[in-house]
Amino acid sequence: MRRPWQGVISATVAVVLVAIPVSAAKPTTHSAAGYSAVIKRTAHGIPHITAKNFGGLGFGYGYAFAQDDFCTMAEDYVTVEGQRSKYFGPDGTYYQGGNGITVNNLDSDFFFQQIKDSHVIDKLLAKPAPMGPKPEVKQAVQGYVAGYNKYLADVGGRNGLPDPRCRGKSWVRPITTQDAYLRFYQLVELASGDVVIPGIAEAQPPTPSLPLSVGAPQLNIPQTAHALLQKLPGLGAIGSNAVAVGKGGTRDHKHGLLLGNPHFPWVGTERFYQAQATIPGKINVEGASLFGVPVVLIGHNDNIAWSHTVSTAFRFTPYQLTLVPGSPTTYLYDGKPEQMTSRNVTIQVRQPDGSIKPQTRTLYSSRFGPIFNSIEGIPLPWTPTTAFALADANADNFRVFNHFLDTDMAKSAQQELDILKKYEGIPWVNTIVADRTGHALYADIGAVPNVSNAKAQQCDTALGTATFQLLGLPILDGSRSACNWGNDSDAIEPGLFGPSHLPHLFRNDYVTNSNDSYWLSNPHHPLTGFARIIGTENTARSLRTRIGLIMTQDQVDHGGFTLRDMQNMVFSDRQYAGELTRDALVGMCRSMPGGLAPTSSGPPVQVGSACDVLANWNLHEDLNSKGAVLFRRFWDHAGSAEPSPWAVPFSSSDPVHTPNTLDTNNPQVRLALGDAINDLEGANIPLNAAPGDVQKGPGGIPVHGGPGDPNGDFDAIYTNFTAGKGFDPVTMGSSYVQAVTWNNSACPLARTILTYSESDNPRSPFFDDQTAMFSRKRWVHERFCANDVNANTVTKTTVSSGSATKTVRGPAGRKRGRRGGA
């Protein structure tokens, strides 16, 4: 249970990362080892990488990825090295698209420099498998670093980069294995440490000489608990849909079928990169990874297809420490004083005159983990009597690397379940799997703190009692060893729930998840009896969950799914909130006295054409769905109204269809219509605007889809609305979408679309080509088997350490004259 400061790799690990030794201080040059790979690019620049070993596979991946997305990744290596203040100044900020947090450069640098100073990565890498990474994983990442650096050398260094965003910049340089591993750490921290960066970096003890009642901030328990409810759990707007259909739910009744539809950022390093990785006779996998991660995180091989959705389970718990009077860095543990550990952390900071000077802070930790004083901007103050520490189930989770290596080579859904149970390495996502023989699996098996409901009841502090009731997050008493996380005999390590206490479900028809808890993965078999920290049971599901269940069940009941049926379903763009409320809304609109709708911040507004616009809307979020934007603004105001906007409340006996029916007598609902009209008129947007008029992706391409939450569009697309301005470009939503099945041939059948395209370099031919396809609801015919890849190769690049890189046109390039590389 002990979590020293090295536990700063807090909470939720979203993705599968790859281990590498950090002890190497110098860049891994392309001549350091005998790496070689062949990169065949098919249409849209999708790389198919073949090598003889894992080092070569990582080498080819690093080279191909750098061709497409070098600048964004290079800036992030500055971030994780703790050097933003040196290059960009201490007062600057950056936005973490993966969790929606804006971080100050100075705080960020102290946070990441502390990770470096702790040498925690070396300590974790030293563990043998299964707790530490397998040799193949380390080899792949060493190769990745060499491949990235080989590309930089091939273009002539920073001054030869084709992307003007970072060409010639002083912060561009070859990377080291430390850089790569710090990036992985950043992703490990995405839902825990990363959201607490300011809280950890700024936590300082109060002045001990002050009387306890003087100058100490007071914690408002109800207010703090409700604030945490608004921010946690989850990663901002990040979410996903995934559906696995078994042979009982497919048209041929022989094979499985998978839909993967993650809703991730369209900008920044949490974008997906699509690739195929092959070592003949060992591994053959195609799918997508987050930037800088040389391993497939969601995708398929010959026999299984899988995806992930963000889980509701908390992977961390705060501990509330009782401090020794007069000594705010000493806390009580079983009645005995225990001193916090501290470390002086120094970073380099650019001054107003351009000079660079060192700056030092002292950061603190406890036996449970780092001391922090806020989370997602919500204060948890360090007072003379109390401090908070972050305990993290993923603090020593390098099992995740082995998990994904084994998954990439798994042969069945049952084998994937065995892998999940063996490692408990999944950090903060659900797993949804379909296989060739027609099995469907849902599981939320991974690193989850072993805090039973009984332990929470016995050990929650007053704040913890409030947060556990509201959102299932325990805040435990750090003064008692009895409140340490529990132990299960089948757990991979002490402090975690064992697989027998974590949910999973095999079905012959289907399983699905859209970021609600495990409970209703299939309504015919609700999962119950699990700890509240994992998720809720017998509670209302989101509209996106409900429309997904409705569409899936309807297709299963009407002959079963084909690949095309699944493609049509995910981009049907049905607006479920509209389906449930539009007719009542139109009736309310037309009954407004004098044609005037009340507003929340001013005089009533004329409804004008709003009633007819809503009445004529097709209840979809297609490009030309006139009225969808007006309804979207209405539901943004009404959907979270208190009291509830629903006239018919939730019923656990009909959870897929309740709550429903718009309560038009609710004053907040009536105000929402007037506010929606005000929003559009104030931004000079016509009331009959369609999504294609206001919702733009890369290159200004119009994008279909709408808010998954709260509106219930399965094809979730998110844009920020600013009063008086309108809608920003798309920031998040459907990203790497895959539909995968099998027939009697050896090759899987897959259709994919990377909605924002393969490259974020505006000068790349692959900057917005797939976005244009997505706009028209078209898909990429994925090439997987060797003959298909060879026949459709546009360019073939042979890259080797110590040798010149050679690129030639492939059959498709000679035939069509298409470019195949960035």
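Predicted model: local features only at pLDDT ≥ 70, side-chain atom pairs only at ≥ 80, totals over all residues.

Reader: Which residues is Q575 in contact with, leaving aside its neighbours within four places in sequence?

Author: A contact is heavy atoms within 4.5 Å. For Q575 the list runs W617, L619, H620, E621, F631 and N711. There's also a C-alpha separation to look at: L543 is 32 residues away in sequence from Q575, and 9.2 Å away in space.

Reader: What does the side chain of Q575 reach?

Author: That's a polar contact: a pair of N or O atoms within 3.5 Å, where, within protein, one must be able to donate a hydrogen and the other to accept it, and residues adjacent in sequence count only if both atoms are side-chain atoms. Here the side chain of Q575 gets to the backbone nitrogen of A577, at 3.3 Å.

Reader: Let me move on to a helix residue. Which helix holds L585?

Author: L585 belongs to α15 (residues 576-590). Its relative accessibility is 0%, so L585 is buried. Beyond its neighbours within four places in sequence, L585 touches L614, F631, F634, L662 and L673. Take L662 from that list: 77 residues separate it from L585 in sequence, yet their C-alpha atoms are 7.3 Å apart.

Reader: And for contrast, why does S640 count as exposed?

Author: Its relative accessibility is 58%, so it goes in the exposed class. You'll find S640 in the loop between α17 (628-638) and β27 (646-648). The C-alpha of V669, 29 residues away along the chain, lies 9.8 Å from that of S640.

Reader: How far does helix α1 span between its end C-alpha atoms?

Author: The expected span of a helix is 1.5 Å times one less than its number of residues. For the 27 residues of α1 (residues 54-80), a straight helix would give 39 Å, but the ends are only 25 Å apart. Then look at the bend, the angle between axes fitted to the seven residues ending at a residue and the seven starting there. α1 has a kink of about 95 degrees, centred on D69. Of its 27 residues, 26 are buried. At the start of α1, a side-chain oxygen of N53 comes within 3.3 Å of the backbone nitrogen of G55, and after the helix comes G82, with a positive phi near 70 degrees.

Reader: What span should α13 have?

Author: Its 15 residues should span 21 Å, and the end C-alpha atoms are 21 Å apart, so the two agree. In α13, 13 of the 15 residues are buried.

Reader: Now the rings. How many aromatic pairs does the structure hold?

Author: Rings of Phe, Tyr and Trp (its six-membered ring) pair if their centres lie within 6.5 Å; planes under 30 degrees apart are stacked, over 60 edge-to-face, and the rest tilted. The structure has 33 such pairs. One of them is Y181 with F184, edge-to-face, with 5.6 Å between centres and 65 degrees between planes. These two sit three residues apart in helix α6 (residues 177-188), so about one helical turn separates them. Another pair, F634 and W635, has centres 6.1 Å apart and planes at 50 degrees, so it is tilted. Both F634 and W635 are buried.

Reader: Which residue lies over the face of Y333?

Author: A charge sits over a ring if NZ of Lys or CZ of Arg is within 6 Å of the ring centre and within 35 degrees of the ring normal. Over Y333 it's R367, at 3.9 Å from the ring centre. R633 does likewise over F721, at 4.1 Å.

Methods
Residues numbered from 1 in each chain as written. Heavy atoms only, no water. Helix = DSSP H or I, 4+ residues; strand = E, 2+ residues; numbered from the N terminus. Buried < 20%, exposed > 50% of the residue type's maximum accessible area, 1.4 Å probe, protein only.
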